[in-house]
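Please read the points below with the sequence and the model side by side. They are meant for a reader who has not seen this structure before.

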Amino acid sequence: MREISYMEALREGLRQSMEKDDRVFLIGEDIGIYGGAFGVSAGLLDQFGPERIIDTPISEAGIAGACVGASVTGMRPVGEMQFSDFVVLAMEQIVMQGAKMRFMFGGKAELPFVIRLAGGSGTGAAAQHSESLENWFVHVPGLKVVMPSSPYDAKGLLLSAIEENNPVMFFEHKLLYKMKGDVPEEMYTIPIGKSKIVREGKDLTVIATSIMVPRSLEAAKILSKEGIELEVIDPRTLKPLDEEPIIKSVIKTGKALVVHEAVKTGGFGGEISAMIMESEAFDFLDAPVRRLAGLDVPIPYNRNLEYHAVPQVENIVEEARKIVQNIY
Amino acid sequence: MAEGKKEQQLIGGEIERSKAEDLLYKMVLTRTFEENALEMFALGKVHGTMHVSIGQEAIAAGAGPALKEGDYLLNTHRGHGHFLMWGGDLNLMMSEFLGKENGYCRGRGGSMHIADVESNNLGAQGIVAGNLPISVGVGLSIKIRKTKQVVLTLFGDGAANEGAFHESLNMASIWNLPVIYLCENNQYAMSMAFERAFRIEQISDRASAYGIKGLTVDGNDVIAVHQAVREAADRAREGQGSTLIEAITYRYQGHSKSDRQLYRTRDEVKKWMKKDPIPRFAKLLDIDEEGFNKIEEKAKVDIKNAVDFAENSPEPELSTIMEGIYA
Amino acid sequence: MAKEIIMPKFGFTQEESEIMEWLHSEGDSVEKGDPIAVVSTDKISMEVEAPETGTLSGIRYQIGEIVPVTEIIAYILQPGERLPEIKGIEKLSKIESPKVKKDQILITPIAKKLADENSLDIDAIKGTGPQGKITKTDVENSLALQRNFEPGKERATPAARKIGREKQIDLSKVSGSGPKGRIQAEDMKQQRSKRIDEKSVGKTIKTSIPMIGMRRTIAQNMKHSWNDAPHMTLQINIPMDELEILREELNSAKQSTAEKISLTALITKAVAVVIRRSPIINSQYTEKEIKILDQINIGIATALEDGLIVPVVHHADKKDIKQISDEIKDLSLRSKEGKLEPIDLTNATFTISNLGMYGIDSFMAIINPPQSAILAVGKMTKFFVPAENNLPMIQKIISFTLSADHRVMDGAQAAKFLSDLKEIILDPKGLID
């Protein structure tokens with residue numbers, strides 16, 4: 001199969017969606033001639049023109065509101081938050097309007113829009129351009145939250161998100177944009193709300209999101225040499241969560257570790273952890289469920305500090321080993 | 001709608017007589033609905049808060065009816081009048097007000113979020129200025145679909161000082177979107193008086209900052225509002241973009257049920273009551289006291305019937321609580 | 001210089017002693033000759049005396065610890081003296097210490113107060129201070145744990161608990177291998193297979209007796225004997241009428257029971273005399289040689305409530321009946337009072353075990369190493385036996401069973417010993433020189 005990057009996979013997904021469906025348009029800051037801050041929409045302006053590749057002023061609430069208003073009147077907009085951090089400026093439109101409108105109106109409105117957000121640290125962009133805020137949206141009924149960790153998933157999930165008749169928060173990771181992988185040329189969808197067992201193992205279930213998936217796979221490779229076999233599960237969709245495969249896996253391994261980049265307190269790991277406790281898997285737990293997540297700190301500018309603010313491969317190796325060896 | 005049949009008199013040179021009479025009835029109906037709502041609230045028959053527009057009925061009467069079928073409405077939390085003027089069914093509206101399953105929003109929205117998506121009534125708004133960015137999206141949608149529709153976006157003087165006002169009017173302006181921004185300046189954002197919140201004479205002055213047309217009208221004059229909205233809609237349909245209309249009016253009641261109104265004097269309220277839009281419009285229509293009493297009686301009967309209808313309507317089943325969140 | 005207090009050696013086979021009690025604490029002033037500790041050798045409690053006047057310091061072993069003889073157990077310090085640096089203490093301290101009494105645990109005063117206030121059992125607290133002293137922090141940590149884990153609230157994983165519920169295994173009976181003793185699923189699986197084993201032989205535990213002190217010694221010795229020494233057993237029934245007649249004659253003039261010669265004393269004398277004719281009975285086995293011993297020291301196995309002791313009649317062959325009888329009575333009395341000296345219990349070369357008083361007809365005893373044989377004595381029973389005229393007559397008969405180490409001797413040698421014994425009992429004049 002052809003190998004392309006995560007970014008190219010996203011671009012291809014956007015292009016194919018727009019070719020297929022006239023209702024789809026892109027709206028965001030610098031997505032036109034500039035091609036998007038990270039280049040995702042590069043070249044699309046030439047193909048689709050400024051009516052469908054809409055550059056906006058620096059107006060995040062306006063972008064989100066445009067998605068709400070356009071989607072409720074029959075369009076399928078894809079908005080972009082240049083950095084996921086900027087979504088704070090659009091929260092009211094997403095949380096108060098987009099997420100709730102269908103419900104408030106008695107289920108009589110549809111809001112098929114996607115907000116793409118470039119998140120994550122590792123680029124030296126410091127505290128206001130490096131956050132991982134996905135769990136805020138997991139907390140909001142009415143939204144769906146997707147977080148692809150590979151080029152294949154990026155395209156398949158984006159196509160699903162655009163076809164979805166609900167607001168979808170689509171969290172991309174800046175460090176994954178250059179990641180290469182096999183991606184089919186044709187259109188294909190990966191169902192929203194479906195997780196993926198990316199590696200099978202018997203000793204510990206690792207539930208990882210976004211860039212923590214490749215990092216966990218790397219850690220699994222290292223631990224395998226010690227005879228420790230990690231089972232790595234990527235939920236891919238954080239909301240609605242595909243619980244069953246996680247529960248089944250924890251029943252098999254008896255142990256669970258959640259790994260994500262977002263700060264630990266109030267993070268998605270707490271949700272996964274609680275879900276496991278509430279599930280049938282509780283009776284099969286043979287160690288406390290652990291969370292390996294970002295420190296409760298804004299992302300620092302200093303390269304070394306930034307590196308250590310979020311889980312790295314060696315941290316996953318160490319934590320997984322401790323759990324398997326009953327240190328906790 | 002603006003063009004009447006030849007034999008019909010155009011009231012104020014703007015509205016056909018039969019339509020104007022219907023609008024007068026709906027203004028009375030709005031006020032009766034809200035007075036009844038206040039009474040029901042006092043009797044404990046409804047729960048939650050509500051925002052009444054008593055004293056402001058002329059704007060609703062002049063605005064919605066100036067548009068065409070297929071146009072969009074983005075309402076405010078003080079929007080009972082607009083909802084009725086947009087063609088809302090009184091019974092179903094009352095059901096929603098009482099939180100019944102057969103209400104417009106299945107009892108999930110209530111007074112503050114009432115919507116009728118089928119008639120392109122995109123709902124009342126609980127967040128001040130919350131509908132302004134949405135208007136950009138609706139406008140864009142119309143523009144992309146090339147349908148010649150327009151969006152009537154309502155908001156109050158308070159919303160004009162939200163950041164979203166700026167983003168939205170600017171975006172609507174640069175993209176030439178068919179949006180009518182109709183600001184109901186009722187002098188108070190809750191307790192914050194217009195004079196304390198603005199250093200400009202009129203909110204419509206801000207239109208020039210976005211390069212769009214702006215005007216201020218007497219919001220207690222149905223004809224003035226109707227004319228302003230109709231002309232703005234015509235411009236929008238012709239591709240001339242957005243308009244900011246400021247309609248000056250006054251809210252007789254408190255902001256909501258919990259408002260003790262310490263920020264204004266009784267005299268001030270009485271002074272405005274002398275400019276009450278309903279008698280004013282009745283006078284314009286040459287309707288005498290007897291005729292007016294008949295209208296009031298009909299409104300009261302209609303409201304009573306609507307209350308009966310709503311009270312006898314089913315409550316939502318608890319088992320349906322999770323419905324309507326996702327498509 | 002600091003005076004060392006060593007674990008004394010009390011008998012020639014003794015290799016270690018258990019600390020039973022410290023009679024003084026560190027810092028106490030003691031006078032030379034004061035008893036400072038009670039230790040237990042194989043079968044007897046002994047006092048360790050202060051070798052000098054001074055301050056008791058540097059206690060190195062706690063109650064319940066088993067200490068090799070000649071090992072330093074504490075010091076006596078004079079004013080200004082310091083404890084010497086001790087090498088190898090780590091290794092020594094690792095000797096099992098199953099039971100510890102509260103007042104002897106190293107604990108800071110504040111920690112003790114805190115523990116007392118909270119009725120905390122300090123036995124269970126692991127000290128982190130110098131020499132394992134329990135500190136305030138240790139007590140606080142322990143309290144924190146206790147609050148979370150009261151009795152019945154064992155640390156266990158959900159998976160372990162599930163197995164517990166399903167297989168009806170009491171978590172309190174399972175020792176956990178996880179952190180802080182947490183019971184893991186694997187522990188439960190092992191417990192289950194253990195329990196199945198127990199069920200199959202119908203065992204249930206009512207109470208447990210710790211394998212310490214005398215019990216431990218007996219267990220070790222008997223196991224050692226049973227595994228190493230191939231036992232052969234020979235039984236003989238001996239009419240006791242003549243010996244009884246002799247005993248009556250000897251006792252006829254004596255008024256008090258204390259003065260009367262016991263049957264045990266007569267049998268002991270008879271055994272001692274017969275051993276002289278069969279010296280191989282009185283020997284010790286080693287890998288290289290069999291040591292035939294000169295001294296004939298007869299041990300008399302004596303039951304205690306929770307074990308047994310074997311007081312020794314030394315040089316039994318050289319003592320007359322009265323001496324032997326008196327000595328046995330004295331040993332018996334002092335054993336009941338717990339006043340036996342180590343010398344009373346050591347260096348036996350042959351053992352007599354008599355269970356006749358329990359109505360036992362005959363039994364087989366296990367050799368008490370390093371001895372080579374033991375004689376088991378049953379009860380005296382009257383039998384009708386045919387006399388010379390074939391008419392029934394009554395005889396008093398005791399069944400004697402000899403267990404002998406086949407490595408040391410053969411059947412015929414053992415048989416000769418018993419045959420000689422029968423002969424002298426049938427004609428006991430030889431016992432009164």
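1. Helix α9 (residues 222–237) of chain B lies across β4, β5, β8 and β9 (243–248) of chain B, and runs at about 175° to β9(B). Helices (H or I, at least four residues) and strands (E, at least two) are DSSP runs, numbered from the N terminus. Axes are lines fitted to C-alpha atoms, for helices over the stretch in contact, and angles run from 0 to 180 degrees between N-to-C directions.

2. This is a predicted model, in which local features need pLDDT of at least 70 and side-chain atom pairs count only at pLDDT 80 or more, while totals for chains, interfaces and linings use all residues. Residues are numbered from 1 along each chain as its sequence is written, and chains are lettered from A and ligands numbered from 1 in the order in which they are written.

3. In chain B there is an open sheet of 5 strands, paired in parallel in the order β3-β4-β5-β9-β8, where two strands pair if DSSP finds at least two bridges between them. Its edge strands, each pairing on one side only, are β3 (72–74) and β8 (213–218) of chain B, and from one strand to the next the twist averages 20°. Within chain B, strand β4 (residues 151–156) and strand β5 (residues 179–185) pair in the parallel sense over 6 bridges, and B:Phe155 stands opposite B:Cys183 in β5(B).

4. The loop between α5 and β4 of chain B holds B:Lys146 and also B:Lys148. Phi of B:Lys146 is near 55°, a positive value in a residue other than glycine, and B:Lys148 likewise has a positive phi, of about 70°, although it is not a glycine. A residue is buried if 20 or more other C-beta atoms, placed from the backbone, lie within 10 Å of its own, exposed if 12 or fewer, and partly exposed in between. B:Lys146 therefore counts as exposed, with 8 C-beta neighbours inside 10 Å, whereas B:Lys148, with 14 other C-beta atoms within 10 Å, is partly exposed.

5. The contact between chains takes 33 residues from chain B and 36 residues from chain A, two residues being in contact if their C-beta atoms, placed from the backbone, lie within 7 Å. On the side of chain B that touches chain A, the elements that give two or more residues are α5 (131–145) and α6 (163–174) of chain B, and α5(B) provides the largest share, 9 residues.

6. How long is helix α8 (residues 212–224) of chain A? Its 13 residues should span 18 Å at 1.5 Å a residue, and its end C-alpha atoms are 18 Å apart, which agrees; the expected span is 1.5 Å times one less than the number of residues. The buried residues of α8(A) include A:Met212, A:Val213, A:Ala219 and A:Leu223, and among the elements that cover the buried residues are β11 (230–234) and α12 (313–324) of chain A.

7. Helix α8 (residues 263–277) of chain C has 15 residues and reaches 21 Å from its first C-alpha to its last, close to the 21 Å expected. This helix, α8(C), is mostly covered, with 11 of its 15 residues buried, including C:Leu266, C:Ile267 and C:Lys269.

8. Two cis peptide bonds also deserve a look. One runs from A:Lys239 to A:Pro240, with omega near 0°, and A:Pro240 lies in the loop between β12 (237–239) and α9 (243–253) of chain A. Another runs from C:Pro369 to C:Pro370, with omega near 5°, and C:Pro370 is found in the loop between β15 (350–354) and β16 (373–386) of chain C.
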